[in-house]
Amino acid sequence: MNPAKLAAFVVTALAPLALSATAFAQEFEKVTGKVADEVPAGPFVGIAYGFIWIAILGYVLFVARGIARVRGDVADLRRKLDSAGKR
Amino acid sequence: MRALGAGFVAATVVAAVGFLFVPGMILSAPLEPVMGFVQKIFYFHVPCATMLFLSTFACAAGSIAYLFKGSERGDWIAAASGELGVLFGACVLVSGPLWGRKAWGVYWQWDARLTSSLLLFLILIGYMLARRYGGPAGKKLSAALALFAAVDVPLVYKSVDIWRTVHPQTTVVPKLDPKMRPAFWTSFLLMTIVWGILLALRYRLEAARSEASTLALEIEDHLEARS
């Protein structure tokens, strides 16, 4: 048998096997037992809620510090203005 | 705290109590059959989105008062609410994708609601940057940006009804299960109170800054007059 004929014979013989293998790979597999949830929701809810409250709390602290600093500046400026007025 | 007034103190106490109380209400609300536990994000994602809209409208209203009437208080309100818009926008853009990862399988989809929300957030960031680094014309430039942000709000809200999107539609809240409503509306009320407290705080900061700059100018004038 020449090599070309041999190759054609092998391909023809393997083709149905390859097709059935593909079909097997595409079949849905039945799950036995409890189905595991791949993406648990708890951490997502926790992160979302935590982020919101940390962001709000952080913002409150940021603004409160800003107010304290600017009020300190205002008090300093008032003192400077008073002393400048007295001279 | 005393200087901020009794109403402010009462609101802060209510918010602190709500902060402890609302998570229990959300956890005891019934589970949504399709999405399950991740649907709990809805109870604070939607109030945050509403506060984003409210902040944007307040920013635009203050900006209009500043642009057309020269109102300094309007400018303070605009500055305060613009910053709150960025804060609540960040909360929306973090909590939403966390929901999406579980509900849709991906953190982000370039659909109409998500993209227009991101655009609104970026306009508000632009507002803050223009205000801070825009030089002498920064206030007016940012006020004009606030008007564009306000125009984007109805687009964000109606986007889910106009275009096909993966995001839940605007009918979700009116059609909410009666057993889910107490947790949702309590959370909504709490977020509104928190928004009011933050606005009052930030407004006071802006007022104090204005007082400081007025005093600095007075000192400068005084020194110039003497020399």
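Colleague: In what order do the elements of chain B run from the N terminus on?

Modeller: This is a predicted model, where local features need pLDDT of at least 70, side-chain atom pairs count only at pLDDT 80 or more, and totals for chains, interfaces and linings use all residues. Residues are numbered from 1 along each chain as its sequence is written, while chains are lettered from A and ligands numbered from 1 in the order in which they are written. Helices (H or I, at least four residues) and strands (E, at least two) are DSSP runs, numbered from the N terminus. Chain B has six helices and zero strands, and its elements run α-α-α-α-α-α.

Colleague: Thanks! How far apart are the end C-alpha atoms of helix H3 of chain B?

Modeller: The expected span of a helix is 1.5 Å times one less than its number of residues. H3(B), residues 72–103, has 32 residues and should therefore span 46 Å; this agrees with its end C-alpha atoms, whose separation is 46 Å.

Colleague: How many residues of H3(B) are buried?

Modeller: A residue is buried if 20 or more other C-beta atoms lie within 10 Å of its own, exposed if 12 or fewer, and partly exposed in between, with C-beta atoms placed from the backbone. H3(B) is largely enclosed by the rest of the structure, because the buried count is 23 of the 32 residues.

Colleague: On which residue is the kink in H5(B) centred?

Modeller: Helix H5 of chain B (residues 138–162) reaches 35 Å from its first C-alpha to its last, close to the 36 Å expected. The bend at a residue is the angle between axes fitted to the seven residues ending there and the seven starting there. In H5(B) there is a kink of about 30 degrees.
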